Amino acid sequence: MSKLICKAISHTGLVRRVNEDNLCIDTVWNDVAGNEPYERLARMKSGSLCAVFDGMGGEAFGRAASALAAQTTAAFLKDNLAERGVDWFETMVFTACQRISEYAKKESVSVMGTTGVYALFGDDELHIVSLGDSRGYLMRDGELFQLTVDDNEYAQMVEMGVIDEKDTGVRYKFPLTRYIGSGLSSVIDIERKSYDYRRRDRILLCTDGLTDCVSDEDIAAILADSPFELAAGRLVEAALAGGGRDNITVITVYVK
């Protein structure tokens with residue numbers, strides 16, 4: 001059974017007034033009111049799950065959406081301590097989608113939702129579910145691999161050849177094509193990907209507040225050059241140095 005160490009940080013950034021991100025590490029989510037930086041260090045084991053969420057719908061409703069997703073995930077994990085497995089991913093995500101949709105209807109909001117990247121650690125497999133443009137990465141032997149695909153119009157245009165992926169000049173906020181919540185692009189299906197993981201691997205989950213300000217090359221260098229306990233903080237510092245235009249949330253996991 002693998003031993004896992006997890007470090008999570010969520011920061012409002014330098015421009016936004018409200019932190020619309022949230023996160024979940026097993027049965028604990030960021031339920032702290034206010035916009036002070038949130039940090040958590042935790043030990044996990046096989047069967048554990050962590051996730052990051054980036055809300056959308058305006059300051060109040062984006063924050064509520066990501067909080068509802070994190071809270072729903074934590075509660076679901078608490079209620080299924082003895083029966084955790086990949087089979088309940090779909091139920092967990094759709095439950096969060098339903099709660100956000102009900103909240104949006106009550107508040108008369110047409111579009112309200114959140115991205116979500118979930119990482120479930122099995123005995124020897126890492127199971128990833130991703131919706132939106134938050135990302136999951138694996139670093140192994142000094143090489144960084146992106147495990148998720150962005151669900152936005154930019155990624156679609158790259159796939160169709162309309163935009164060159166190397167043309168960073170066109171990178172701005174493209175609409176999401178899938179997310180958790182209410183609206184036409186809310187999630188209608190769940191795609192799970194599975195990867196092997198092993199000792200000394202590092203797994204990174206992050207919102208686009210990191211990836212919009214820090215290149216994959218710089219992310220890889222920070223992960224490779226930093227002791228585990230410092231890596232998450234240095235990633236956030238790099239995003240702030242790059243402008244801190246959005247909320248920044250990172251979860252780093254080290255496999256001992």
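These are my notebook entries on what I looked up in this predicted model.

**Ground rules.** I count residues from 1 along each chain as its sequence is written, and I use heavy atoms for side-chain values, leaving out hydrogens and water. Since the model is predicted, local features need pLDDT of at least 70 and side-chain atom pairs count only at pLDDT 80 or more, while totals for chains, interfaces and linings use all residues.

**Overview.** I found 6 helices and 14 strands in the protein. Helices (H or I, at least four residues) and strands (E, at least two) are DSSP runs, numbered from the N terminus. Of the 256 residues, 54% count as buried. Buried means under 20% relative accessible area, exposed over 50%, and partly exposed in between, with a 1.4 Å probe and protein chains only. I then looked at contacts (heavy atoms within 4.5 Å). Among those between residues at least 6 apart in sequence, 74% join residues at least 24 apart.

**Ser10.** I located Ser10 in strand 1, residues 3–11. Ser10 counts as buried because its relative accessibility is 1%. Beyond neighbours within four places in sequence, its contacts include Leu23, Glu36, Tyr38 and Ile248. Glu36 is 26 residues away in sequence and 8.7 Å away in space, C-alpha to C-alpha. I also looked for polar contacts, that is, pairs of N or O atoms within 3.5 Å; within protein, one must be able to donate a hydrogen and the other to accept it, and residues adjacent in sequence count only if both atoms are side-chain atoms. The side chain of Ser10 makes one of 3.0 Å with the side chain of Asn19 and one of 2.7 Å with that of Thr249.

**Loop between strands 4 and 5.** Ser46 sits in the loop between strand 4 (38–45) and strand 5 (49–56), and Ser48 lies in the loop between strand 4 and strand 5. Buried or exposed? I checked Ser46 and Ser48. Ser46 is buried at 12% relative accessibility, and Ser48 is buried at 3%. The side chain of Ser46 reaches the backbone oxygen of Gly122 at 3.5 Å. A polar atom of the Ser48 side chain lies 2.8 Å from the backbone oxygen of Lys45.

**Helix 2.** Helix 2 covers residues 89–106, 18 residues in number, and spans 26 Å from first C-alpha to last, close to the 26 Å expected at 1.5 Å a residue. The expected span is 1.5 Å times one less than the number of residues. I listed Phe89, Met92, Val93, Ala96, Cys97, Ile100 and Ala104 as buried in this helix. Seen down the axis, the buried residues fall within an arc of 135°, so they line one face of helix 2. The arc is that of the directions from the helix axis to the C-beta atoms. On the other side, Lys105 and Lys106 are exposed. After helix 2 comes Ser108, with a positive phi near 60°.

**Cysteines.** How many disulfides does the structure hold? I found 0 disulfides, taking a disulfide as a pair of cysteine sulfur atoms within 2.5 Å. The cysteine sulfur closest to that of Cys6 is in Cys50, at 5.1 Å, too far for a bond. Cys6 is buried at 0% relative accessibility, and Cys97 is buried at 8%.
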